[in-house]
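Colleague: I would like to go through the strands and helices of this chain. Could we begin with how the terms are used?

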Amino acid sequence: MRRRPGSSLLLLITIAAAAIFFGRNILQQQPVSPQAAIAYSKAQLGKPYLWGSAGPASFDCSGLVQQAYRWGAGLRTSQDQWASLRHISKPEPGDLVFFRGLLQPGEAPPGHVGIIVSVRRHLMIDAYARGFPVEYDSFALAGSKPGLSAVWGYASP
């Protein structure tokens with residue numbers, strides 16, 4: 001069978017347009033369920049925090065989320081994740097919780113993200129900061145770690 005000139009380019013443009021239209025990162029692999037993302041995060045508990053790291057030996061907050069959901073490079077930072085995902089008001093386990101966080105000069109919020117494990121118990125898994133491993137943290141409570149009591153918003157992957 002003979003291809004028409006430009007058919008490969010047309011196919012690539014169509015795929016890219018569909019990816020943009022449906023809000024998908026074309027580098028994403030198979031969709032990951034919230035339960036699978038939580039299971040992945042639990043398997044990372046105890047690994048060290050390293051700013052800018054997306055595993056497998058260490059993580060920062062957005063790198064942990066990126067790997068848990070197997071997103072491509074287009075959803076690497078908490079800002080990219082917040083901007084690309086559907087914002088919600090009633091989170092469920094596996095949804096993401098965002099915080100203002102500690103930001104670099106010129107960086108826009110949100111600066112921190114975690115994966116919700118239990119809404120009722122206000123429990124998430126995150127890579128909080130240098131000196132803290134990937135761990136369970138409380139959020140939206142007066143006794144939460146600094147920066148984790150005031151939620152910026154929630155998003156559904």
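Modeller: Two strands are said to pair if DSSP finds at least two bridges between them. Please note that this is a predicted model.

Colleague: How many bridges join β3 to β4, then?

Modeller: Three bridges join strand β3, residues 112-118, to β4, and the two run antiparallel. Within this pair, Ser118 stands opposite Leu123 in β4.

Colleague: And what about β4 and β5, how many bridges join them?

Modeller: Five bridges link β4 (residues 123-127) with β5 (residues 134-138), again in an antiparallel arrangement. Ala127 is the residue opposite Val134 in β5.

Colleague: What do β4 and β5 form, and which residue in the turn has a positive phi?

Modeller: They form a hairpin with six residues between the strands. In its turn, Gly131 has a positive phi of about 90°.

Colleague: Which order do the strands of the sheet follow?

Modeller: The sheet is open and has six strands in the order β1-β6-β2-β3-β4-β5, with antiparallel pairing. Its edge strands are β1 (86-88) and β5, each of which pairs on one side only. From one strand to the next, the twist averages 40°.

Colleague: Turning to the helices, where does α2 lie?

Modeller: Helix α2, residues 34-43, lies across β3, β4 and β5 and runs at about 110° to β3.

Colleague: Which strands does α3 touch?

Modeller: Helix α3, residues 61-68, packs on the sheet and touches β2 (96-99), β3, β4 and β5. The direction of α3 makes about 55° with that of β3.

Key. Residues numbered from 1 in each chain as written. Predicted model: local features only at pLDDT ≥ 70, side-chain atom pairs only at ≥ 80, totals over all residues. Heavy atoms only, no water. Helix = DSSP H or I, 4+ residues; strand = E, 2+ residues; numbered from the N terminus. Axes fitted to C-alpha atoms, helices over the stretch in contact; angles between N-to-C directions. Contact = heavy atoms within 4.5 Å.
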